[in-house]
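Student: Could you walk me through this one? I'd like to start with the rings and then move on to the charges.

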Amino acid sequence: MNPTAELLAPEIEELIRAGNYADLRASLHHVHPADVAEILGSLEQKDACLGFRFLQRDDAAAAFSYIPPDRQQDIITGLGEEAAAGVIERMSPDDRAHLVDELPEEVAQRIVASLSPQTRKVTQAILGYPSESVGRLMTPDYVTIKPAWTCAAAIDHIRAKGRDAETINVVYVVDDAGKLIDDIRLRQLLLAPPEALVETVMNRNFVTLRADQDREEAVSAMLRYDRTALPVVDSRGVLIGIVTSDDVADVAQAEVTEDMQKMGGSEALEEPYMATPLLELVRKRITWLAALFIGEMGTASALGFFEHQLERSVILSLFIPLIVSSGGNSGSQASSLIIRAMALREISLRDWWRVFRRELACGSLLGLGLGMLGLIRIHVWQWTGIGHYSEHYHLVGFTILTAVFGIVLWGCIVGAMLPFVLKRIKLDPATSSAPFVATLVDVTGIVIYLGAATLILRTTLLRPELHNDTPLTGSTEVYVVSATPDPDDKTEYELIVQTADQHEKGGTSRVRVPLKGLPGQAVPKPGDHVRILYDVSSVREVESTSAN
């Protein structure tokens with residue numbers, strides 16, 4: 001709630017409950033309709049209905065158009081159809097049509113039937129256009145003038161007819177058949193000599209919309225030509241209405257909201273979030289979540305394909321989340337940028353090659369930068385003793401650099417090109433949501449990362465003969481590579497360890513340790529040095545020695 005509404009709300013609620021309706025009407029008469037709507041909309045239904053009932057009729061109609069659709073229905077029910085029809089009668093035609101369209105069919109029919117014949121005719125005409133068309137946004141309340149009039153006569157006409165117009169910032173010049181000839185700003189008439197004819201200030205340079213055009217085109221035209229209102233004509237060029245900036249702003253907000261919901265991996269909601277029924281909310285979200293879940297199964301399949309490589313070098317598994325998320329993040333970034341650029345018409349389908357080359361260069365630089373961070377991290381951790389990545393740590397670092405470079409580059413290209421593909425097949429590019437791109441890059445990222453590791457480390461950490469689980473006997477001091485609980489016996493842990501000789505030449509051993517044999521039953525961490533004491537057939541005890 002904005003400061004004005006927040007300041008007035010307690011006073012208005014008190015006036016309503018005290019039955020002091022004269023002061024209520026006076027208090028809200030000079031308050032902006034949007035603030036009146038916010039104040040009354042925050043009250044309980046009974047109090048809100050009383051507030052609307054005792055407002056001045058024009059004030060009530062102006063404020064009612066700012067009330068959310070779900071609250072409008074509640075207030076109409078509370079007011080009763082006769083009182084509600086009186087409020088709706090005085091609303092602007094486009095707002096009135098929008099409200100009637102949102103009401104349940106039976107209620108809408110009764111409300112329309114109770115309107116005056118002229119108001120009913122206008123409302124039904126607007127409702128006759130498709131729901132997403134410019135016709136649903138237009139209003140017939142505008143001022144027209146004739147080219148043969150003098151500017152003084154035109155101004156007198158505006159003064160007489162402008163009170164009921166949606167806007168008088170722009171007036172429209174029409175011929176005797178009603179065809180639009182030009183639109184003129186009011187300041188042009190005011191600054192022209194009074195005796196000058198209207199046609200002398202005309203330049204016949206105007207922009208029009210058709211009633212059957214998509215409403216998104218009205219948003220684009222309003223932004224492109226910097227107009228506060230645009231005329232709407234039929235197929236013969238006859239002026240039938242105007243679209244104003246406030247209606248276009250509502251459309252722009254609705255379109256952005258829809259795109260954001262789709263980019264978040266959900267179907268667009270038809271109602272506000274809090275007004276959407278729970279099952280409808282689940283239905284809107286489950287489709288994409290199920291599709292993404294099935295898609296992520298490919299990650300498990302890719303990991304299974306490289307199972308032996310991961311068994312030979314547990315170190316590789318430590319970097320999977322880091323590397324894969326880099327690709328998903330870069331793909332989501334690229335996708336969001338391209339979708340928004342398409343929405344603003346900064347790029348079109350024919351620009352795909354330029355975008356591809358741009359993302360190729362951008363992805364290469366981003367991948368190189370992030371890969372270098374990974375390389376530096378591995379070397380710093382190795383040199384300072386925070387982590388141990390074997391004596392081949394420089395190759396591990398180069399593997400991370402190569403994988404991050406490839407995955408980030410791939411993510412940028414996929415994220416940028418997918419919106420073009422969807423637009424080409426007549427689908428909404430916003431459906432190439434960030435989660436969808438991230439899932440796609442996750443699966444391919446695993447293949448890129450472990451494929452690069454297989455090529456680079458095949459003669460060192462991933463050499464098969466180094467991983468033969470060399471048997472250990474007696475009392476042996478080892479370095480812990482990893483420690484994981486036995487899935488079948490929670491009282492034992494499986495350790496992957498290296499002796500000093502294995503540490504120099506490569507190789508690991510696998511031992512099973514009873515939990516009670518661990519010092520203080522504390523599980524050793526990767527990087528710890530411990531002494532393993534054996535009895536005849538198994539590990540008896542583990543002693544801590546030192547830790548890096």
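**Rings and charges**

Tutor: Trp352 is partly exposed, at 42% relative accessibility, where partly exposed lies between buried (under 20% relative accessible area) and exposed (over 50%), with a 1.4 Å probe and protein chains only. This is a predicted model, in which local features need pLDDT of at least 70 and side-chain atom pairs count only at pLDDT 80 or more, while totals for chains, interfaces and linings use all residues. Residues are numbered from 1 along each chain as its sequence is written, and side-chain values use heavy atoms, leaving out hydrogens and water.

Student: How many aromatic pairs are there?

Tutor: The count comes to 4 aromatic pairs, a pair being rings of Phe, Tyr or Trp (its six-membered ring) with centres within 6.5 Å, called stacked if the planes are under 30 degrees apart, edge-to-face if over 60 and tilted for the rest. One of them joins Trp352 and Trp353 edge-to-face, at 5.6 Å centre to centre with 70° between the planes.

Student: And why is the pair of Trp353 and Phe356 stacked?

Tutor: Their planes are at 10° and their centres 5.4 Å apart, so that pair is stacked.

Student: Switching to charges, which residues form a positive surface patch?

Tutor: Arg224, Arg345, Lys423, Arg424 and Lys426 form it, under a rule that takes residues with over 30% relative accessible area and no salt bridge, and joins like charges within 9 Å. A salt bridge here is a side-chain nitrogen of Lys or Arg within 4 Å of a carboxyl oxygen of Asp or Glu.

Conventions. Patches are made of residues with over 30% relative accessible area and no salt bridge: like charges are joined within 9 Å, nonpolar side chains (Val, Leu, Ile, Met, Phe, Trp, Tyr) within 5 Å. Accessible areas come from the Shrake-Rupley method with a 1.4 Å probe; for residues, only the protein chains shown count as cover. Lys and Arg count as positive and Asp and Glu as negative; His and the chain ends are not counted. The place of a charge is taken as NZ of Lys, CZ of Arg, CG of Asp or CD of Glu.
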